[in-house]
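I opened this notebook to record what I looked up in one chain, entry by entry.

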Amino acid sequence: MEVVIAVTASAVSFALGYILNKILVAREIGGAKAEADRIISNARREGEAIKREALLEGRDMISRERADMLEKYQERRLELDRNESRLAHESERLKILKEKLRERKRVLDKRETGLSEMENSLNAKHKRVNRLMEEQNRLLEQIANLSREDARNLMLSNLEEELHHEAGRLTRKILEEAENRAEEEAGKILATAVQRCTADFVVENCVSVVNLPSDDMKGRIIGREGRNIRAFEAATNVDVIIDDTPEAVVLSCFDPVRREIARQSLEKLLDDGRIHPGRIEATVTKVTAEMEKKIRKLGNQLAMDANVTGLHPQLVRHLGRLRYRTSYGQNMYQHSLETAHICGLLAAEMKLDPAIARRIGLLHDIGKSTDQDIEGSHALVGMELAQRYDESPLVCNAIGAHHEEMECESLYGILVQAADTVSSARPGARRETLELYVRRLHKLESIADSFDGVKKSYAIQAGRELRIAVRPEAMDDDAAAELARIVARKIESEMEYPGQIKVTVIRETRASETAR
């Protein structure tokens with residue numbers, strides 16, 4: 001019985017354990033499914049979030065790429081516009097050059113026609129001379145019964161006299177034609193030089209560029225219905241040019257002092273940010289007063305550097321204005337200082353008073369500081385200024401005579417002429433474009449190469465010396481010396497140049513042998 005009970009208990013325990021195990025397994029399966037559903041739900045939510053972030057990031061990236069492309073497009077467009085403008089300018093310049101070449105060709109054709117006619121005339125005259133010689137030979141033999149040698153000598157004498165007369169007549173004719181054409185040709189040459197050489201100089205010396213923080217400032221400078229820009233131009237007497245140049249405006253005026261006042265005033269207005277007619281007028285007035293102080297300070301500094309004392313305050317003011325005055329690209333402030341020093345040195349060498357010489361050199365171009373409303377050359381205007389402010393007659397005369405517009409009454413006038421020339425003609429003092437510089441060197445070498453016997457020529461020292469190597473078998477030492485003289489005279493007659501050009505002819509003969 002106990003066995004049965006034990007077996008029954010074991011069976012019941014097994015059944016209960018099995019049922020309990022089934023229940024636990026079912027619960028675990030249900031929990032796993034719930035966890036799986038939760039994980040799947042979380043994964044879906046995270047996937048949606050990642051998808052949304054990816055879309056937003058993609059949109060931002062596309063927006064940035066679009067902005068970059070737009071900026072590059074605008075830059076490319078500006079560059080293309082600049083290239084187009086430059087090409088248009090070059091095209092216009094080429095048209096002008098083409099027209100000039102056509103005009104030069106017409107002139108050369110006309111000259112060639114004239115030379116051909118002259119050559120035909122000379123050939124005809126040569127034939128006529130030959131016929132006359134033959135006729136005279138026959139007449140002399142028949143009439144005078146002269147020997148052939150005597151007749152030949154007589155004929156040559158008559159022919160020489162006739163040829164001298166004919167050559168003199170042709171020379172006079174050629175000179176008259178050259179004089180008639182000289183003025184016209186000189187005008188054409190000067191006009192061509194002005195057209196080709198003045199553009200950059202005028203732009204550089206008549207305009208100032210003011211950089212802007214942004215293109216929005218252009219609208220503020222113009223103001224409502226243009227009232228700001230009109231007020232600025234009226235206060236400064238300077239033209240304000242607002243074009244398509246990015247972040248920049250141009251100030252144009254022939255008076256460098258007014259242009260400098262306008263530039264400083266506009267920069268102060270831009271820094272302040274308040275741009276309106278009242279503020280513009282006040283700023284220009286303030287900058288004008290500051291510029292006046294600066295000009296007087298510059299004048300005092302120039303007089304001190306030149307070691308010149310006792311000048312009238314108004315003359316000092318005019319000296320300061322020279323800081324903003326140029327001539328052929330040379331600053332008159334520095335030029336006056338150089339001339340003063342050179343005058344002092346020359347006076348010391350000649351046992352004259354260096355103080356008076358420095359004073360004259362410092363003031364010689366003072367007339368260039370005056371307004372263009374004053375009539376007369378700068379030398380005579382400077383003399384009048386010196387007389388007005390109690391300078392001595394010696395100083396006044398030297399200032400007025402330094403360009404030989406009046407008679408020089410002392411050696412100081414000669415000194416200031418020499419010092420002015422030295423300061424102006426020194427290398428680099430005055431502007432010379434690269435194109436003109438290269439053309440001058442080529443012209444020097446072409447003049448030398450045009451002579452027979454020249455092997456090679458070299459323009460050195462920035463065109464201040466021309467060295468010519470000749471073939472030694474083609475000429476002797478006397479001929480080499482004569483060649484140097486002829487080349488120098490031809491350079492003087494055909495070229496314009498500052499200072500002096502030294503011509504050196506090199507003739508070298510070498511003999512060598514090898515010892516064995």
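The entries below go from the whole chain to single residues.

**Ground rules.** I am working with a predicted model, in which local features need pLDDT of at least 70 and side-chain atom pairs count only at pLDDT 80 or more, while totals for chains, interfaces and linings use all residues. I number residues from 1 along each chain as its sequence is written, and side-chain values use heavy atoms, with hydrogens and water left out.

**Whole chain.** I looked up the secondary structure and found 14 helices and eight strands, where helices (H or I, at least four residues) and strands (E, at least two) are DSSP runs numbered from the N terminus. Of the 516 residues, 28% count as buried; buried means under 20% relative accessible area, exposed over 50%, and partly exposed in between, with a 1.4 Å probe and protein chains only. The chain exposes about 35400 Å², of which carbon and sulfur atoms supply 54%, and such areas come from the Shrake-Rupley method with a 1.4 Å probe, where for residues only the protein chains shown count as cover.

**Cysteines.** How many disulfides does a search of the whole structure find? I noted zero, a disulfide being a pair of cysteine sulfur atoms within 2.5 Å. Cys253 is buried at 7% relative accessible area, whereas Cys408 is partly exposed at 25%.

**Arg359.** I placed Arg359 in helix H9, residues 354–363, and it counts as buried because its relative accessibility is 17%. Leaving aside neighbours within four places in sequence, Arg359 is in contact (heavy atoms within 4.5 Å) with residues including Val308, Leu311 and Glu391. From Arg359 to Ile399 I noted 40 residues in sequence and 10.0 Å in space, C-alpha to C-alpha.

**Asp365.** Where does Asp365 lie? I found Asp365 in the loop between H9 and helix H10 (378–388), and at 2% relative accessible area Asp365 is buried. The side chain of Asp365 makes a polar contact with the side chain of His378 at 3.1 Å and another with that of His402 at 3.4 Å. A polar contact is a pair of N or O atoms within 3.5 Å; within protein, one must be able to donate a hydrogen and the other to accept it, and residues adjacent in sequence count only if both atoms are side-chain atoms. Leaving aside neighbours within four places in sequence, I also listed contacts of Asp365 with, among them, Leu322, Met332 and Asp420.

**Phe14.** Last, I looked up Phe14, which is found in helix H1 (residues 2–143) and is exposed, with a relative accessible area of 63%.
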